[in-house]
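Subject: Structure for you to look at

Hello,

Please find the structure below. My notes on it follow.

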Amino acid sequence: MSEAREFKHIGQRTIRPDGFDKVTGKANYGADLSLPGMIWGAILRSPHAHANIKKLDVSRAQASPDVLAIATFEDFPSVNAAAQRNGSQRKDLMDTACNIFANQKVLYHGHAVAAIAARSQAAAIAALDLIDVDYEVLTPVLNINDAISADAPILHETMMTQGLAEPATEASNVSARMELKKGDIEAGFAAADVIVERAYDTPTVHQGYIEPHATTVVFNDNGPSMIWCPTQGHFDVRARVAQLMNLELGQIKVVASEIGGGFGGKTTVYLEPVALILSKKSGRPVKMEMSRGDVFRASGPASASQSRIKIGAKMDGTITAMQATLHYEAGAFQGSPMGPGCMTVFTPYDVENLYVEGFDVVVNKPKVAAYRAPGAPQSEFAAEMAVNELAKKIGMDPIEFRLKNAAKEGTQTIYGPKLKVVGLVACLEAAKSSPHYNAPIPENVGRGLAAGFWFNIGGQSSVIINLNPDGTGTIIEGSPDIGGSRASMQMMAAEILGVAPSSLNPIVADTEHVAYNQTTGGSRTTFATGMAVVEAAEDIVEQLKARAAAMWNVTAEQVDFTDGVAHNLSGEDQLTLAEICASAEKTGGQISGRANINARGAGPSFAVHICDIKVDKETGKTDVVRYTAIQDAGKAIHPSYVEGQFQGGAVQGIGWALNEEYVYSKDGIMENAGFLDYRIPLASDLPEIEAIIVEVPNSFHPFGVRGVGETGIIPPLAAVGTAVAEAIGQPISSLPCSPPKILKLLMAAH
Amino acid sequence: MALVCFNASLEKHAGCAHLTVAAQNYRALLEELTQRLPQLTQEVLTPLALVIDGEIVQEPFLADFSADAELHFIEKIAAG
Amino acid sequence: MVALTYHAPDSLEEAVQLLSTARQPVKVLSGGTDLIIQMQGLTQDERLVVDVKKIPGMRAADWSDDHLRLGPSMSCSQFTKRQDIQAVFPGLVEAAYLIGSTQVQGRASLGGNLCNASPAADTIPALIVNQAVCLIQGPNGTRRVNVEDFLTGVGKQCLASDELLVAIEVPKPAARTSDAYLRFIPRTEMDIAVAGAAVSVTLDDDGVCSNARVAIGAVAPTAILVPSAAEALIGTKLDDDALHAAAAASSQAANPISDRRGTVEFRRHVVGVLTKRAAKIAANRVGAV
Amino acid sequence: MKSHISTTINGDSIEFLCDPSQTLLQVLRNDLGMTGTKEGCGSGDCGACSVILDGELVCACLVLGVEAQDAAIETVEGVAAHDQLHVIQEKFLEHAALQCGICTPGLIVSTKALLEENPSPTEEEARYFLAGNLCRCTGYDKIIKAVMDAAATMRQGA
């Protein structure tokens, strides 16, 4: 275990190996590949939020000399047959297909209806006017209340609510119900001296990655077709496209370009299958790009939510019961992160009696996708707001209140397992002694604090390390580098091999040059792919010992290898890694290490954030004046990029809490589909984001790593919400805390 | 005997909150559970992750566990 | 995008000639920060684009005895760097400084801001309180129109299809006069004004307000002059009562809509707050003069 | 009908044909293959396509290609001298001021414009000057630290 261990490279702040290309503009992202003979695809999108397609007529387009190919839902070869093959994935695959191209019904504003390929992007866009669509416009369902109301229009006639006590008998917009419980919730509330019960809601928000979705595709009949795209998981793009197009995995090669942000939003397919169809039909390479408006209207934002929270505590601060009813918007197709929302909502607390009920609700908005700790920010926002209000009610400091009830090793979670060693208490103690928490609160400023929990995952990673005759090497991995992970891989391999990180070049290989890797997500890359890198490096160490033994004519057991040098234990001889590589020709050929793992033992990551907000009482305008993010990293391989994850997550959460939201007209038209009116935080909106790394090692990882990517977006919602509530002296129940909403509260108070 | 704990949603199928099993690996566990609790079908269980003494195993096919292990089935965790 | 024909004339005569003889709809290109986005929406369409930036004087700003003559195409970044203008019209300069990002500042111009005629345009209220006049040239010579009369509706101004805005004249203010402009946006930058207020005040030696003009933006189809707010200030020392009265007058005069940027109630209230605050700032600036 | 344009990009004389409706960004990326300048929004709201046009920092998506006639344009490809990184680029790497890196070319160009105009900005001045360059990964903290460090280093160098 890593605790007492001294490291040479781990924990250093090295220069990332892909840095030079990224600061000089040489790095190639999703929209940066052009090929000879390439043509452009464009998509016709629904102007309505909810409508039946009475007629879809492409004949005028077909007749146009400008149009080289047309694609519609009809071009998914027997999606149903393909879906059959995939058994339980059937529904999911059908939904994916129907999201990529509307199937007789459009379910949200911007839903793709058809696509055209032409010689230029402008020509393709212009040619969309040649497609004739007759819509029968239906009433849109735009929020949870409308969706669950008795007379709500039904989006999917065949959808029945799963998970009810009694099996559902008629179609509903509620796709699923989940129930989790622990102890006796009624007895818990009966034992409470004080009870807080409140309702909260959060808006639809977008990951807001700066790079729009884009792809360049070449269909190939006599070999694998090539798909170039920015994705968090090129192996899953391959699998999805193969299922949709009824192809074998070997018939598709996906090259992961550099990726301009994802945060969970680049874990599925939108353009790739369409471009493949257009390329197949036209016999040309096809490039497609989403406009920023398309990205907002038709990619996968995060669920809007409604939560009801009830918490009871004794005057001594002991929480006796916590109860939640959570509704999540899934968008046009089922599958919101309601499940993880239910599982995480109360996990920061060690409480006897818990009850959580969750609902997955479809509405006429784009199908949601993962967004950093999917489901957790919405539910934990509600829980943390209520916890802060309860602490205030019984006159307890929010940190002391949390320490008294904090989840720790052995805490029985509501979703079943007992927690292993976790860092919540350590984070709370760090917050307690932080300069920020001990600084006085300035005038007109409110201070809020909140905790956050996320599981993190492990999963499949495959890595090959090749050493060159001069001792330099290549790390071939298959996890798209979305935030500097190449640097961490380099450092972990260098630590094991005892060489300079810069002597090992990490490559994110395409689907043909390395075995399957799970998507970069779930905060898994530095943990799981890092574990594979370590195993592959250890594989190499064993070979280096054997080669050195061969040189010295001793057994491998007589060879020790430390800090890049082999020592003959039965003599004075030494050989460096480079020397062993140089003589590899003599000792059996060149040296490669390999690991294919399905990593277990991912360590949950807890965080605590502190936020100071100033409010202009005459206008309701908010200003974040100080912010501190504290999180358990297990072990920070590259502290700068760990801090970066804390800071980036914190600022996305601040945006979610203050100004970000999808604005829809009553007809379901998105009115702010651009960065002008979908207001993500700017450099000038923010103070320094102080990042404090706590390290409570994860015993399952060779260096103690826990994932750090996701947890950081959870605490800001309630930290900001509470800070605003404190500043205006009014409870906050709805995000975002936009000025009109805050001013209304202020005026109502007078 | 290992202890299997069902969450509220699974309890509906299982008809009980806890159950001790003789199985000491995932495949034997599936067999035993589906035999003893007919409502608890392969379709219900196989999409789930297995938690062994607090460790979430997303792909438990080859997993084994000790005779005194505590086991839970949970939704596989999605990724952001 | 739209099918364009592009011309960059180097004389006003040539420009007006192009405008009056064009067979297709004409768009005058200055900074293009609004125009190029607007044209992206169009597909099967034609436009003649007349880029006026190469015409002598269009990007200059020169003082005469009694006014500043401003080339309508001068970029905001050039305009806001002019210390001499800043010294006389601090409010107008800060309004120009608020338009968009640094990148947008590098292209956007006061003339473009005027002709695009957005209800939320930041420089228009500041031009109005400074009694700016538009010089318009057409085939039959030039005419002068006050900025408040130049605007006729949302995105509409009084230019005929063959007319061109060739200069903006801003009269030198009386002694002990200064101005200020404030707008409300949810973030600190980048947003379109949810409400805006410009105030110009003249104080006598005792600090009594002898003259004032108040104009508000983003709360009506066009930016509007609010005489009642000015009257609330004139004759006072801009004490709290006067400021509140001016604020109330602006809120009263506002005729806003609810949209993705703000509600009717919010805009009505905030435009009053901005009026009050801008008046204070302008008065302090006189003190500093 | 396409127009024939003569311009200067990063010191090189360049000629190209473009349709008057094409933006400078489309010309750079699609016709000249200079993909270092990124597109994030196409409407001047994100700054990923920041370039310096005749000394002014602008969004290439809000400039017509035909307006490049006789102009001098600086793009991210021209910031480093051959393989010698500019101080700003070095500081961005040193401070880990990029995660995904898509906003980085625009930020490098904007920071260059900032420090040419104001060699010793306050942190607040830097944050406001760069407000038009959206970054979704970093929360801006390390970017601003890199900018301030680059400014200090360049002042010593000067």
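**Chain B**

Among contacts in chain B between residues at least 6 apart in sequence, 43% join residues at least 24 apart; contact means heavy atoms within 4.5 Å. A word on the source. This is a predicted model, where local features need pLDDT of at least 70, side-chain atom pairs count only at pLDDT 80 or more, and totals for chains, interfaces and linings use all residues. Residues are numbered from 1 along each chain as its sequence is written, chains are lettered from A and ligands numbered from 1 in the order in which they are written, and side-chain values use heavy atoms, with hydrogens and water left out.

Chain B has 3 helices and 5 strands. Both are DSSP runs numbered from the N terminus: helices are H or I with at least four residues, strands are E with at least two. The order from the N terminus is β-α-β-α-α-β-β-β. The radius of gyration of chain B is 12 Å, close to the 12 Å from the globule rule for 80 residues, so chain B is as compact as a globular protein of that length. That radius is taken over C-alpha atoms, and the rule is 2.2 Å times the number of residues to the power 0.38. The C-alpha trace spans about 35 × 25 × 20 Å along its principal axes.

Of the 80 residues in chain B, 50% are buried. Buried means under 20% relative accessible area, exposed over 50%, partly exposed in between (1.4 Å probe, protein chains only). Chain B exposes about 3600 Å², and carbon and sulfur atoms supply 52% of it. These areas come from the Shrake-Rupley method with a 1.4 Å probe; for residues, only the protein chains shown count as cover.

**Chain C**

Chain C holds 12 helices and 14 strands. Its radius of gyration is 19 Å, which agrees with the value near 19 Å for a compact globule of 289 residues. The C-alpha atoms fill a box of roughly 60 × 45 × 35 Å along the principal axes. Buried residues make up 56% of the 289. Of the contacts with a separation of 6 or more, 61% are between residues 24 or more positions apart. Chain C exposes about 10900 Å², 50% of it from carbon and sulfur atoms.

**Between chains**

Of the 4 pairs of chains in contact, A and D share the most contacts. Here 42 residues of chain D meet 52 residues of chain A. About 3900 Å² is buried between the two, with 57% from carbon and sulfur atoms. Buried area is the accessible area (1.4 Å probe) that two parts lose on being put together, summed over both. D:Leu93, D:Gln99 and D:Arg136 supply 21% of the area that chain D buries against chain A, more than any other three residues. Chains B and C do not touch; their nearest C-alpha atoms are 27 Å apart. Chains B and D have no contact either, with closest C-alpha atoms 14 Å apart.

**Backbone points to check**

Most residues other than glycine have a negative phi, and most peptide bonds are trans.

- A:Leu735 and A:Pro736 are joined by a cis peptide bond, with omega about -5 degrees. A:Pro736 sits in the loop between α20 (715-728) and α21 (739-749) of chain A.
- B:Asp53 has a positive phi, near 45 degrees. It lies in the loop between β3 (49-52) and β4 (55-57) of chain B. B:Asp53 counts as partly exposed, because its relative accessibility is 36%.
- C:Met190 has a positive phi of about 75 degrees. Its loop runs between β11 (177-184) and β12 (195-203) of chain C. C:Met190 counts as buried, because its relative accessibility is 7%.

Best wishes
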